[in-house]
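Biologist: I would like to go through this model with you, one question at a time. Please give the cut-offs as you go.

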Amino acid sequence: MRIPPPTSRYSLTSGISLRECGKTEREAAQLELLRRHLELAGTSEFYREKFQQVGLVPSQLRSLAELHKLPLTERADLNRGHGCFFPAADLTATDLALTSGTTGNAVTVPYTSNDLERLAYNEMIAFFRIGIKPGQRVLLCVTLDRCFIAGLAYYTGLVRLGATAIRSGAGSPSRQWELIRTLNPSVIVGVPTFLWQLAQWGLEHGLDPTRAGIETLVTIGEPIRKADLTLTPLGEMLEKGWGAKTYGSYGATELETAFVECPATAGGHVHPELMLVEIIDETGTPVPDGQPGEVVVTPLGVEGLPLVRFRTGDVARLYPEPCSCGWQTPRLGPIEGRLAQRLKCRGTTLYPENIFQAIDEIPGIAAYYVEARAHFSLADEITVVVGGDEAVEPAAIQERLQAKLRVKPEVIKRSPAEVVAVIEKGSGRKMKRFFDFRKVE
Ligand SMILES: [Zn+2]
């Protein structure tokens with residue numbers, strides 16, 4: 001396939017054909033995009049050195065598999081000196097985004113105008129895939145300012161698709177409901193826990209979410225599906241609570257790329273012209289298809305901060321077989337946890353997300369958080385703090401969690417208000433439900 005120039009490369013028509021063609025044709029197109037990407041990345045101080053060490057000449061790259069020879073890029077590399085990652089080209093940053101800095105400090109990510117167009121295209125094709133139509137009204141309950149990129153990505157993607165964006169921003173259930181009632185959106189984009197709170201707020205104020213005209217929810221920031229691709233308890237609550245088809249998405253500011261599920265809801269499709277995705281084990285070796293490992297992304301075509309083999313620290317699986325939706329591109333399963341948050345428990349791999357999902361299945365718990373502490377034995381000490389009504393019995397919760405997780409955490413009960421105060425304290429973009437008091441290595 002001949003590679004079109006960037007402006008037409010990011011068109012819906014050529015994008016769809018790249019997703020419907022076979023693997024050979026798609027990978028030939030990706031190889032050319034990878035060569036160009038490596039050429040630009042190779043002008044930065046960081047990659048010039050790295051490429052020299054392995055003797056890489058981007059123009060001589062013969063296959064996508066050669067990507068594995070290149071070194072991985074860690075988030076810590078970016079924190080140490082991200083200026084070393086800027087290409088030695090005369091590029092102007094049109095927007096400066098900041099990573100959320102949940103692990104380590106926030107990093108500045110400069111977006112050129114092409115990067116912003118690339119990002120808009122990413123979201124346009126994702127919204128297109130889940131059936132959003134031109135003129136359809138979409139309520140954006142996500143942060144659009146504070147140097148946050150995801151909200152801007154959704155907004156520009158919707159505008160490019162021809163849909164109608166309602167830039168409500170995060171928080172304030174009363175404002176969101178006012179907009180739902182007066183502007184009649186049929187789609188909401190937001191964080192799962194907030195969308196659930198929004199449904200509850202409606203019910204408490206005599207507004208039935210299932211009759212609000214919302215057909216689709218697009219969620220961000222927290223997984224709504226388990227490793228087996230079925231909905232998490234929260235995902236199920238959202239679908240039932242709103243009577244709306246619910247899609248999960250995944251992205252990170254450094255990736256300048258996001259995945260959104262298709263109607264088959266069997267993982268988020270990889271955008272072939274925007275990224276190469278690998279799943280690796282702890283030694284850096286690719287894991288077999290369908291097995292969990294760390295997600296490593298090379299975001300093709302990025303100009304401002306062109307990363308190569310960026311380690312996300314997130315764990316998921318890749319499904320390479322063609323999808324029942326008709327697209328041939330691989331899909332990334334839901335995020336199963338963060339490597340840095342993996343809990344040491346004898347004989348079982350456990351992430352905070354597994355505990356969250358198990359708690360979500362227990363009725364009567366209004367709010368909760370999880371703490372991990374290092375213990376003299378090899379296993380971590382896990383404490384679950386729950387807030388709930390009188391019927392909530394710590395011993396019963398502990399028993400249920402043990403049955404589900406094969407791990408027996410300590411369970412403490414506090415008032416719902418106390419628990420909410422902890423998870424919302426210093427609230428940034430996400431509510432904090434996991435507190436890690438283990439020594440960071
Ligand atoms: Zn699909």
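Biologist: Which exposed residues does the face of α4 turned away from its buried side carry?

Modeller: This is a predicted model, in which local features need pLDDT of at least 70, side-chain atom pairs count only at pLDDT 80 or more, and totals for chains, interfaces and linings use all residues. Residues are numbered from 1 along each chain as its sequence is written. A residue is buried if 20 or more other C-beta atoms, placed from the backbone, lie within 10 Å of its own, exposed if 12 or fewer, and partly exposed in between. On the face of α4 turned away from its buried side, the exposed residues are E49, Q52 and Q53.

Biologist: Which residues of α4 are buried, and within what arc do they fall?

Modeller: Helices (H or I, at least four residues) and strands (E, at least two) are DSSP runs, numbered from the N terminus. Helix α4 covers residues 45–54, and its buried residues are F46, Y47, K50 and F51. Seen down the helix axis, with the arc being that of the directions from the axis to the C-beta atoms, these buried residues line one face of α4, because they fall within an arc of 110°.

Biologist: Against which helices do the buried residues of α4 pack?

Modeller: Contact is judged on C-beta atoms placed from the backbone, which must lie within 7 Å. By that test, the buried residues of α4 pack against α3 (23–41) and α5 (75–81).

Biologist: Which residues have the most contacts inside the largest nonpolar core?

Modeller: A nonpolar core is a set of buried Ala, Val, Leu, Ile, Met, Phe, Trp, Tyr and Cys residues joined through C-beta atoms within 7 Å. The largest one has 82 residues. Apart from it lies another core of 19 residues, including Y368 and L401. In the largest core, the residues with the most contacts are V138, L140, V189 and L217.

Biologist: With which residues is L217 in contact, leaving aside its neighbours within four places in sequence?

Modeller: L217 is among the residues with the most contacts inside the largest core. Leaving aside neighbours within four places in sequence, its partners are I188, L195, L238, W242, A244, T246 and Y247.

Biologist: What separates the centres of domain 1 and domain 2?

Modeller: Domain bounds come from an automatic or database domain assignment, which divides the chain into domain 1 (1–336) and domain 2 (342–436). The contact takes 12 residues from domain 1 and 9 residues from domain 2. Taken over C-alpha atoms, the separation of the two centres is 29 Å.

Biologist: Is V407 buried or partly exposed?

Modeller: V407 sits in the loop between α12 (394–405) and β21 (410–414). Leaving aside neighbours within four places in sequence, V407 is in contact with C345, T348, L350, I382 and Q402. Because it has 19 other C-beta atoms within 10 Å, V407 counts as partly exposed.

Biologist: What phi does R309 have?

Modeller: R309 is in the loop between β12 (293–298) and β13 (310–316). Although R309 is not a glycine, its phi is positive, at about 50°.

Biologist: What is the radius of gyration of the chain?

Modeller: The radius of gyration is taken over C-alpha atoms, and the globule rule is 2.2 Å times the number of residues to the power 0.38. With 441 residues, a compact globule would be near 22 Å. The chain agrees with that, and its value is 22 Å.

Methods
Contact = placed C-beta atoms within 7 Å.
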